[in-house]
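Colleague: I'm new to reading models like this one. Please take me through it step by step.

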Amino acid sequence: MTQLEQIFKAIKEVAIRISEEIKYADLGYTAHENATGDTQLKLDVLSDEIITAKFKELECVKALVSEEKDDALNLNENSKYIIAYDPLDGSSLVDVNFAVGSIFGIYENELNPQNLVAAVYSIYGPRLELVINDKKGSLPSLYRLAKDGEFKFVKELKLNEKGKLNATGATQKGWSEKHIKFIRELFLQGHRLRYSGAMVSDLHQILLKGGGLFSYPATSDAPNGKLRVLFEVLPFAFIYENAGGATSSGVNDSLFDITISKTHQTTPCFFGSKFEINLMHKFYE
Ligand code: AHG
Ligand code: MN
Ligand code: MN
């Protein structure tokens, strides 16, 4: 087994554990905030602990960076892979029984956008699914957990040139004029609103339904957006670009053009089919 395959195997195991915990665990809050100021749920912390314990077993992991840890956790100094992850995305929606997920970005040696070599996310919905993108330039693959406890390959995922869905987040009273105009134009062109509030679920839906747009823009109260570069934005940017789509922060040609200055850095972000991202550039420039 290659080192990357060992990491994917570990992710499959933790996904099964976390999906079990989500079904039965305590939904309450802890008394702590994470580095981005969200009050941690007991489930956020538990998911983080499950993932940390599993990756500690792997010699190929150099360090872990988590949404729920203030600082990086160094493991094996001479190893290659740094894993940046969101242990439970959309965790505040577990109480209303919506689908949530875990996101993993696998970086080689350094936490730079160019060093992201693979991305994986799991989605805990009515079924347990996993999307693995193991190489730049290759299509992401969808896997689904079968009754025998094994993940079975379902299909490769590819975005159409243009989609039909529009998922757009943040408080609308803080949107910029150009964002309001852009989103209105998409709806006028016939796009339908699909937004749950868990980026894993919203991006998964768009990816599986052939395309559209997911955006979390800059707002007057959050000029750098909300979503976190290393463990939310870049893994999905990798998957969307490899699936034939495009990404942007609103000011660049790809989310991979971002410069990283801190672990919990956030950015405005756009992920979609090529048509929607091109249209965004017309309104944003
Ligand atoms: P997390 O649960 O890991 O903190 O992430 C929640 C994120 C993301 O999943 C979602 O797209 C976004 O927050 C929703 O924010 P708004 O409610 O502001 O739209
Ligand atoms: Mn998240
Ligand atoms: Mn989270």
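This is a predicted model: local features need pLDDT of at least 70, side-chain atom pairs count only at pLDDT 80 or more; totals for chains, interfaces and linings use all residues.

**Helix, metal site and cores**

Colleague: What distance does helix 1 (residues 3–24) reach from its first C-alpha to its last?
Modeller: Helices (H or I, at least four residues) and strands (E, at least two) are DSSP runs, numbered from the N terminus. Helix 1 has 22 residues.

Colleague: Which residues of helix 1 are buried?
Modeller: Buried means under 20% relative accessible area, exposed over 50%, and partly exposed in between (1.4 Å probe, protein chains only). An α-helix has 3.6 residues a turn, so residues three or four places apart point the same way. The buried residues of helix 1 pack against helix 2 (42–56) and several strands, including strand 5 (81–89). They are Leu4, Ile7, Phe8, Ala10, Ile11, Val14, Ala15, Ile18, Ser19 and Ile22.

Colleague: Which residues coordinate the manganese ion (ligand 3)?
Modeller: Donors are N, O and S atoms within 2.8 Å of the metal (3.2 Å for Na, K and Ca), and water isn't among the atoms, so sites may look incomplete. The donor residues are spaced E-x18-D-x1-L in sequence, and they sit at 2.2 to 2.3 Å. They are Glu67 (OE), Asp86 (OD) and Leu88 (O).

Colleague: How far apart are the manganese ion (ligand 3) and the manganese ion (ligand 2)?
Modeller: One residue, Asp86, bridges both ions. Asp86 is buried, and Leu88 is too. The gap between the two ions is 3.8 Å.

Colleague: Is Glu67 buried or exposed?
Modeller: Glu67 lies in the loop between strand 3 (61–66) and strand 4 (73–74). With 4% relative accessibility, Glu67 counts as buried.

Colleague: What is the relative accessible area of Leu88?
Modeller: Leu88 lies in strand 5. Its contacts include Ile18 and Ile22, both among the buried residues of helix 1. Leu88 is buried, with a value of 1%.

Colleague: How many residues does the largest nonpolar core have?
Modeller: A nonpolar core is a set of buried Ala, Val, Leu, Ile, Met, Phe, Trp, Tyr and Cys residues joined through side-chain atoms within 4.5 Å. Phe214 is one of those with the most contacts inside the largest core. Helix 5 (residues 229–242) gives the most to this core, with ten residues. In total, the core has 40 residues.

Colleague: And how many residues does domain 2 put into its contact with domain 1?
Modeller: The bounds, domain 1 (3–156) and domain 2 (165–284), come from an automatic or database domain assignment. Their centres, taken over C-alpha atoms, are 21 Å apart. Domain 1 supplies 45 residues to the contact, and domain 2 supplies 27 residues.

How values were computed. Residues are numbered from 1 along each chain as its sequence is written. Chains are lettered from A and ligands numbered from 1 in the order in which they are written. Side-chain values use heavy atoms; hydrogens and water are left out. The expected span of a helix is 1.5 Å times one less than its number of residues. Contact means heavy atoms within 4.5 Å.
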